[in-house]
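Colleague: I would like to learn how to read a model like this one. Please take me through it feature by feature.

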Amino acid sequence: MKVGLLSREYPPDVYGGAGVHVEFLARELRALADVRVHCWGDESQEAGVTRHAAWPDLVDANDALRTFSVDLSMAAAVADRDLVHSHTWYANLAGHLAKLLYGIPHVMTSHSLEPLRPWKAEQLGGGYALSCWAERTAIEAADAVIAVSHGMRSDILESYPQIDPGRVHVIHNGIDTELYRPTPSPEILSRLGIDDARPYVLFVGRITRQKGVPHLLRAAKQLDRDIQLVLCAGAPDTPEIDREFRALFEELSGQRSGVLWVPEMLPRTEIVHLLTHAAVFVCPSVYEPLGIVNLEAMACATPVVASKVGGIPEVVTPETGLLVPYDEKDTDGFEYALGLALNGLVRDTALAARMGAAGRVRAVGDFGWDAVAQRTAELYRAVSRS
């Protein structure tokens, strides 16, 4: 079977969980099918990858229109494929157009849902209406929809009630547990200015409303004075969220020591080192269909404190971390509870060690990419026969 994987992100341009998903899914699927990746970027000679750029005439246009120009390019390039599989709204329209144009099945993976991310209007302006339209059009017509968690499946059926529930399949995200494993490197702590004599809480993610970074910065005011906070945080969605983050960071830094911000995207190996040394990994997201980053922490035997939203409870169990309920009507309560949970787990080193060890076992046993690829290939065969 000839499969076209359609995505905005693909190495080296990966900034979120969807990009990680496509990278490793493509790697494993190549043993099972003829896979070609179509993604954003300049032309390259990489085997099995075609990169597409937005039309030059749209350089000053709304980002949604620029996205649609990439989608048209992708759709034109997959005429030789037997099936297309799109990831996120940035590529969903390309998959839908290919389905109509060539009469081939369209499978789409929902890593998030536009109706549940209203803050995207802050980033896209009127383009948010277009991103919502593209996602709705594609998801309602897709031959199969993959939800990355059971929580995500419920959100899909609630947001798009016209979809036949039989077309929505749960296939969890995966993790490469050979790449993500406990790997100490004291040198990186020294290079980044982290005091190895003090425990630290680690956050890794983009500066977006979805990831809840402002909540974390406010919650961190409660952290014990000996606990450091390390923020590997970049790629702000908008100037507004960037300014809010910087103001909260400067306020916190002025009140206590041990608050470190790493704005550049670190190599994956260095993230593994930071995860390995962290006392606790924190995920304060206000919306998260699954949260690959929690799996990455668990695979490095690091306990997790995360918000109890979306698919996170399907990954972070009571044996592997602490979950803090999020209520958008009581964010003060969420921030207070988040701070308490972080303090408590850092203090209880024995509990943290047990949770870290259990997280590693769970990541290895339940979330291997080979199994994800097998289930995905089985779905391809099923929709191709129908």
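Colleague: In which sense do strand β9 and strand β10 pair, and over how many bridges?

Modeller: First, the ground rules. This is a predicted model, where local features need pLDDT of at least 70 and side-chain atom pairs count only at pLDDT 80 or more, while totals for chains, interfaces and linings use all residues. Residues are numbered from 1 along each chain as its sequence is written, and side-chain values use heavy atoms, with hydrogens and water left out.

Modeller: Helices (H or I, at least four residues) and strands (E, at least two) are DSSP runs, numbered from the N terminus. Two strands pair if DSSP finds at least two bridges between them. Here β9 (residues 228-234) and β10 (residues 259-262) pair in the parallel sense, over four bridges. L231 stands opposite W261 in β10. Between the strands, the chain passes through helix α9 (residues 239-255), and this β-α-β crossover is right-handed. Right-handed means that, with the strands pointing away from the viewer, the path from the first strand over the helix to the second runs clockwise.

Colleague: What covers the buried residues of α13?

Modeller: Start with the general idea. An α-helix has 3.6 residues a turn, so residues three or four places apart point the same way. Buried means under 20% relative accessible area, exposed over 50%, partly exposed in between (1.4 Å probe, protein chains only).

Modeller: Now the case. Helix α13 (residues 349-366) has 18 residues and reaches 25 Å from its first C-alpha to its last, close to the 26 Å expected. That expected span is 1.5 Å times one less than the number of residues. In α13, A352, M355, G356, G359, R362 and A363 are buried. Seen down the helix axis, the buried residues of α13 fall within an arc of 130°, so they line one face. The arc is taken over the directions from the helix axis to the C-beta atoms. The face turned away carries the exposed residues A353, R354, V361 and G365. The cover over the buried residues includes α11, β13 (321-325) and α12 (331-347).

Colleague: Which residues touch the most other members of the largest nonpolar core?

Modeller: In soluble globular proteins, nonpolar side chains tend to be buried together. A nonpolar core is a set of buried Ala, Val, Leu, Ile, Met, Phe, Trp, Tyr and Cys residues joined through side-chain atoms within 4.5 Å. The largest one has 52 residues, and I156, L202, L274 and F281 touch the most other members. Helix α11 gives the most to this core, with five residues. Apart from this core lies another, of 31 residues, among them A233, V280, A352 and M355.

Colleague: Is H106 buried or exposed?

Modeller: H106 is buried, with a relative accessible area of 0%. H106 lies in strand β5 (residues 106-110). Contact means heavy atoms within 4.5 Å.

Colleague: Where does T88 lie, given its positive phi?

Modeller: T88 is in the loop between β4 (83-87) and α3 (89-102). Its phi is about 70°, although T88 is not a glycine. At 19% relative accessibility, T88 counts as buried. A301 also has a positive phi, of about 65°, and is not a glycine. A301 counts as partly exposed, at 30% relative accessibility.

Colleague: What joins P11 and P12?

Modeller: A cis peptide bond, with omega about 10°. P12 lies in the loop between β1 (2-7) and α1 (17-29).
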